[in-house]
Amino acid sequence: MSDLKYSKDHEWVRDEGDGTATIGVTDFAADQLGDVVYVDLPSVGEEVEAGTEMGEIESTKSVSDLFAPISGEVTEVNEDVVESPEKVNEDPFGEAWLIRIKVTDTPDDLLSAEEYAELTSK
């Protein structure tokens with residue numbers, strides 16, 4: 001997905017062009033996790049800070065923290081993913097987005113699609 005930016009923690013960010021961004025986990029993360037069975041996300045109105053924990057994702061294999069790739073206020077939470085966490089495995093870049101935020105800060109260390117592909121091919 002060349003229009004996205006990526007964190008080294010395997011989250012993706014799509015700039016919506018209106019001061020907001022959508023955040024999700026990558027297909028690489030979903031594959032590494034295995035079957036996702038639980039997703040815990042921040043609430044609407046919460047502030048998330050780049051590089052800090054914003055929730056967790058649990059699979060049949062492990063529990064992993066979700067880290068905010070950018071900073072801002074949560075404006076929307078994908079309740080469909082909370083109710084049907086297996087969607088993360090089925091469509092991580094589409095229906096299984098996690099949250100939308102009003103962006104206050106974007107760190108300089110987000111990766112391009114090419115850089116992320118290189119990171120995950122190691």
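The dialogue below goes through strands, cores, single residues and a pocket in a predicted model.

Q: What kind of model is this, and how are residues numbered?
A: This is a predicted model, in which local features need pLDDT of at least 70, side-chain atom pairs count only at pLDDT 80 or more, and totals for chains, interfaces and linings use all residues. Residues are numbered from 1 along each chain as its sequence is written, and side-chain values use heavy atoms, with hydrogens and water left out.

Q: Which strands form the open sheet, and in what order?
A: Strands (E, at least two residues) and helices (H or I, at least four) are DSSP runs, numbered from the N terminus. Two strands pair if DSSP finds at least two bridges between them. In a regular strand the side chains alternate between the two faces of the sheet. Here the open sheet has 6 strands in the order β1-β2-β3-β9-β8-β5, with antiparallel pairing. Its edge strands are β1 and β5 (47–48), each of which pairs on one side only.

Q: How many bridges join β1 to β2, and how many join β2 and β3?
A: β1 and β2 run antiparallel and are joined by 2 bridges; Lys5 has Val13 in β2 as its bridge partner. The two strands form a hairpin with 4 residues between them, and His10 in the turn has a positive phi of about 75°. β2 and β3 pair in the antiparallel sense over 5 bridges, with Ala21 in β3 as the bridge partner of Asp15. Their hairpin also has 4 residues between the strands, and Gly17 takes a positive phi near 80°.

Q: What stands opposite Glu47?
A: Glu73 in β8 stands opposite Glu47. β5 and β8 pair in the antiparallel sense over 2 bridges.

Q: Which residues of the largest nonpolar core touch the most other members?
A: A nonpolar core is a set of buried Ala, Val, Leu, Ile, Met, Phe, Trp, Tyr and Cys residues joined through side-chain atoms within 4.5 Å. Buried means under 20% relative accessible area, exposed over 50%, and partly exposed in between (1.4 Å probe, protein chains only). The largest core has 25 residues, of which Val39, Met54, Ile57, Leu66, Val88, Leu98 and Ile99 touch the most other members. Elements giving two or more residues to this core include β4 (36–40), β6 (53–59) and α1 (27–33). A second, separate core of 8 residues includes Leu4, Tyr6, Ala113 and Tyr116.

Q: Is Ser7 buried or exposed, and what is it in contact with?
A: Ser7 counts as buried because its relative accessibility is 7%. Ser7 lies in the loop between β1 (5–6) and β2 (11–15). Contact means heavy atoms within 4.5 Å. Leaving aside neighbours within four places in sequence, Ser7 is in contact with Pro69, Leu110 and Tyr116.

Q: Where is Leu119 found?
A: Leu119 is in helix α4 (residues 113–120). With a relative accessible area of 29%, Leu119 is partly exposed. The C-alpha atoms of Leu119 and Lys8 are separated by 7.9 Å, although these residues are 111 apart along the chain. Beyond its neighbours within four places in sequence, Leu119 is in contact with Lys8, His10 and Leu111.

Q: Which residues line the largest pocket?
A: Rolling a probe the size of a water molecule over the atoms shows where empty space is left. A pocket is an open set of points on a 1 Å grid over the protein atoms alone, where a 1.4 Å probe fits, with protein on both sides within 12 Å along at least five of seven lines; lining residues have an atom within 4 Å of a point. Among the lining residues of the largest pocket are Ser7, Lys8, Phe67 and Leu110.
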